Amino acid sequence: MIDLDRATHSLTQFVSERFPVEKLNFHSMVEKKEVPIHSMSWGYYTGGLTMFFFMIQVVTGLFLLFYYQPTVSDANISVEYISLHVAGGALIRNMHAWSSSCMIFFAMVHLLTAFAMKSFVKPREITWIAGVILLFITFTFGFTGYLLPWNQIAVNATKVGLQSVEYVGQYLPGQLSEVPRILRETFQGESSVGQSTLGRFYALHVVILPLLLAALLGLHLLSVQLHGMSQGVDQPAKKFEKFISIFLFKDLTLWATVFLGLFVVAMCVPFDSILPYPLLAPFNALGATPQGIKPEWYFFFVYYPLELLPFWVILVASTVVVGILILTPWIFKGTSRRTLGFIASAAAAYLVIMTVFGEQIYEFFKH
Amino acid sequence: MIDSLLFVALPYLAIFVGVFGSIYRMRTAPMTYSSLSSQFLESKGLMWGSLPWHIGITVILLAHVIAFLAPGFWQSLVSHQAVLQAVESIGLGLSILCLLGLIILGLRRLTSAKLQAVTSVMDLVVILLLLLQVGLGTAIAVHCKWGSAWCSGTTTPYLWSLVTFQPDVSHVSDLPLLVKAHIVGAWLFILVIPFSRLVHMFAVPVEYLFRPPQNVVWTNPRKFSADNQHFVREEARRHFMRAFAGIAFGGFLLSIGTFRNVFSFFFGPRLGREEETELMELRLSRLESTVGQRKLELERQASNYILVGKLAELSPANGKYFIDFKMQPAIAFKGKDELPLLISAKCTHLGCTVGNQVDQQGRILCPCHVSYFDIVSGEPNAEAPAKAPLPHLGWVIMDDGGKVLARRDAGGKTTGAVDPKLRETACVYISKDQEGKA
């Protein structure tokens, strides 16, 4: 028989340590908050930067919402209309595309630096897990947004992505093996990727995911403010700067600079130009899949291994990685920052190599 | 006669008196060679009066001097309409600024009790003269527009004729009364320079621009330290205000620009007739293809046979795409036996649409993850990520009367044959009952 009182007590203790309500006031959350100054201080900017790109996504996304039409006959043409006819439409669309890549990039950097700085230990477990889920939501944003222009590449890529989900079924036992297929058909909405899929992805991309992300981001930010900045390095920092207003102003300065950069890039370099696909060709049910079909760059780190290795290896590996990410606060509780830094660097190296040289590696092993 | 007096005699007299009088005053009473500071008697009115006045008059005088000294250059400048308009409007603006400054300075002299003590009659005369002169100048800017352009044919040659001692009144004798009064005013003004505070204009304090700011204060020790702190605080406040004003103005300009563009985004494009037509045609064609797709779906619900194409149209190397009963893509080839060969085009790996071009080994390629499928056996190549073969589809060949000539079920069993005479007209169909078994 479980001792109910003790269980209740440890639960309340757990919650009150993670959410110290006594700190829920202006003085400790705003006036007192300080940011340590040390060699890893730059890591404290990555989260804010990710959030800034999310804000850009929200604003540019709202702009695009005025013209985009989520139907199979009009989706592609409405995107084309935005790019060609609407004043500033190409710029807004480019910013949305560039900023999505930047958001994913900085979310990954933020995860790695937070890992290396051991910012996940007690009492920050909730912050970490919320952050990991936020990263997955961000990837889902990328996946759902990719389909919306309804071009040949996007539709086929989505087919592949959804079919991969179903593929998992063959490794599951008994009744469970049907679950991935049911999941895929739920998201797909009909026998093939079509109007129902577009409508569902649209709903996910513009309503459900943003709401989810905003809610989780609220939790993430609240716990960051409650617990303050983590120490980040082994030696406690000797110098600190006030969060309000020194750090905030530095943050804003960085955001302004980054915005200028993004604006210029979006103005001069169309996002299509770095991915040499016929992005504007609309989907044609009677057309072949275009040659050289690839997902967006931020899926390369799982896409190329998927091409090279058996499916089950990737399945096992990604399950393990996701498990480790979620359980990080408990698995790496006692690991030194030096070791964590090494693991993070190795992971970063893997990500960079797979993203930049993935294609060459693939060619090397396949031919 | 009166013209000669006002435009020849008066100028020479004024210049003579102005130059020698000033030199004389500088020699005999050097300490008076500046205007008497009244800042510590009254500072607020001084700031709002003196600054606009001096800023305005300096620029305006500079323009007068340039137009006189370099008439060619000036003329080439104002011959551009945009420059002319800019010069005129800036000039008018500055002269209004001068007027306002002068009025404030005048009121200050007349109303402040402290200032009355240090105000001479000559100070009031100077202010009156200046008011008159600037007022005339402003009136000219309004009534006799483009003075900066027409001066090069009138007043500039007149002034040069004076300088070269060949006075020629004819350049100005026909000018409007306003302009004439302005010229006379200018000579009077030069005439009174040595007798008034105006001499300070020869002691232009250029170094003031570069030295740290100074403030005239009472030399009462207690008040001194209090005043000093106040001064420091004021200086910090001024810094802040300047920065704030700059940022606010920049932000204002930026927001105007941004607003304009944001608004035009939401306002939407207004296309020309041709573009609009093109766009509508494109929209219609996309809609039609969607309609086609929907019709296909409906057809698959309702009918038992779906047309793939004419038997004669099929080719052994270049497949024809069609949609099967499950709304999945499939490809029709002509087999070696001259009969149709229908194979699913949905890759057994992850569902991409397989290509329809047969390579030399008789295979079709799925480009997503590079699987080659043999079209006869349906089997993928050994290294392919796809493991299962592409299934074949059954078919039915009917003549144009709807009579079944031959059929093949999904298992590959063929019955019947096609008469070579009917080859041209016979059509290939897929049928629902065969699909069920596939």
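Two residues are taken to be in contact if their C-beta atoms, placed from the backbone, lie within 7 Å. In this predicted model, 81% of the contacts in chain A between residues at least 6 apart in sequence join residues at least 24 apart.

Chain A comprises 367 residues, of which 32% count as buried. Its secondary structure consists of 13 helices and two strands.

## Packing of helices α3 and α5

Within chain A, helix α3 (residues 43-65) and helix α5 (residues 89-116) have axes that come within 8 Å and cross at roughly 155°. Because angles over 145 degrees count as roughly antiparallel, α3(A) is roughly antiparallel to α5(A). The crossing in which α3(A) passes α5(A) is left-handed.

By residue class, the contact of α3(A) with α5(A) is made up of 13 nonpolar, twelve polar and one charged.

## Interface between chains A and B

Chain A contributes 30 residues to the contact with chain B, and chain B contributes 29. On the side of chain B that touches chain A, the elements giving two or more residues are α11 (221-267), α12 (273-302) and β2 (320-323) of chain B. Of the residues on this side, α12(B) supplies the largest share, namely six residues.

The side of chain B that touches chain A contains 15 nonpolar residues, together with eleven polar and three charged ones.

Key. Residues are numbered from 1 along each chain as its sequence is written. Chains are lettered from A and ligands numbered from 1 in the order in which they are written. This is a predicted model: local features need pLDDT of at least 70, side-chain atom pairs count only at pLDDT 80 or more; totals for chains, interfaces and linings use all residues. Axes are lines fitted to C-alpha atoms, for helices over the stretch in contact, and angles run from 0 to 180 degrees between N-to-C directions. Helices (H or I, at least four residues) and strands (E, at least two) are DSSP runs, numbered from the N terminus. Angles under 35 degrees count as roughly parallel, over 145 as roughly antiparallel, 65 to 115 as roughly perpendicular and the rest as oblique. A crossing is left-handed if the near helix is turned anticlockwise from the far one by less than a right angle, and right-handed if clockwise. Ala, Val, Leu, Ile, Met, Phe, Trp, Tyr, Cys and Pro count as nonpolar, Asp, Glu, Lys and Arg as charged, and the others, Gly among them, as polar. A residue is buried if 20 or more other C-beta atoms lie within 10 Å of its own, exposed if 12 or fewer, and partly exposed in between; C-beta atoms are placed from the backbone.
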